[in-house]
Amino acid sequence: MEKGIPVVFFTHLSANLDNWDPRVIDGIAEKHWVITFDNKGIGSSSGKTPNSIEQMAQDALDFIKALGLSKIDVLSFSMGGMIAQELINYEPNLVRKLILSGTGPRGGENIENVARLSDLDTIRSVFTLKDVKTYLFFTRTANGRKKAKEFLRRLEERKERRDKSTSWSSYRTQLKAIRHWGLADPADLSKITQATLVVNGDHDRMVPTPNSIELARRLPKSKLIIYPDAGHGGIFQHYETFVNDVNKFLEQN
């Protein structure tokens with residue numbers, strides 16, 4: 001669908017286009033014009049990976065302007081939510097509605113520890129021969145482990161013209177950017193006046209769930225949804241509910 005206000009997807013740490021859950025993409029694309037993109041220096045995008053969230057936001061803004069778009073909705077996840085907040089600082093009138101999932105505010109609780117947690121779970125994944133997202137995105141309950149396997153299978157459904165893998169150096173550069181953003185002074189979120197949907201799982205280890213609660217408290221026009229028995233990737237674990245929640249939110253006046 002290429003009509004109406006597009007929903008631009010802002011993705012997570014080290015992610016390329018193939019890291020979006022196809023059920024989320026397809027479910028929202030059924031009713032809305034969806035645009036996904038690789039951050040600079042990631043996947044098939046050329047250029048050098050930025051070492052700050054602010055520069056990532058500027059790069060995203062350049063991409064949106066190059067498409068000739070004057071109004072967008074934003075669906076963001078994790079690091080993408082950090083970029084989205086900075087984007088609105090640069091262009092407050094560009095975004096109509098904002099979805100912030102699995103993310104937090106600048107200077108939020110333990111965001112500077114994302115690198116440490118990612119490194120520990122990467123080591124864990126090597127020893128267990130499991131994808132690191134199994135640990136970073138999902139709870140270790142029976143249901144969480146089951147949903148992790150289903151999610152990882154969905155990511156492999158597309159067989160042709162898959163995106164390029166993210167390099168180790170780009171991944172480390174993005175980790176440093178997140179750490180600096182997590183240690184930075186808090187932003188004045190009252191300036192974000194867009195209707196905002198804040199979403200997370202109730203057991204997010206990567207960007208702790210209290211950050212989502214804090215976002216909703218500080219954003220003037222926000223709605224908070226917390227999914228049960230879900231981690232950082234709660235929007236993928238509960239993809240059917242999430243797609244319904246997003247479509248309903250986008251369609252409200």
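Contact here means heavy atoms within 4.5 Å of each other. The model is a predicted one, so local features need pLDDT of at least 70, side-chain atom pairs count only at pLDDT 80 or more, and totals for chains, interfaces and linings use all residues. Residues are numbered from 1 along each chain as its sequence is written, and side-chain values use heavy atoms, with hydrogens and water left out.

Leaving aside residues up to four places away in sequence, Ser 170 touches Gly 41, Ile 42 and Thr 49. Lys 40 is 130 residues from Ser 170 in sequence, yet their C-alpha atoms sit 9.6 Å apart in space.

Ser 170 belongs to helix 7, helices being DSSP runs of H or I with at least four residues, numbered from the N terminus. Helix 7 (residues 168-183) packs with helix 3 (residues 79-90) at an angle of about 60 degrees, the axes being 11 Å apart. That angle makes helix 3 oblique to helix 7, oblique being whatever is left once angles under 35 degrees (roughly parallel), over 145 (roughly antiparallel) and 65 to 115 (roughly perpendicular) are taken out. Axes are lines fitted to C-alpha atoms, for helices over the stretch in contact, with angles running from 0 to 180 degrees between N-to-C directions.

As for who meets whom, helix 3 brings Met 79, Met 82, Gln 85 and Glu 86, and helix 7 brings Gln 174, Ile 178 and Trp 181. Ile 53 touches several of these residues too, including Met 79, Met 82, Glu 86, Ile 178 and Trp 181.

Note on methods: Helices (H or I, at least four residues) and strands (E, at least two) are DSSP runs, numbered from the N terminus.
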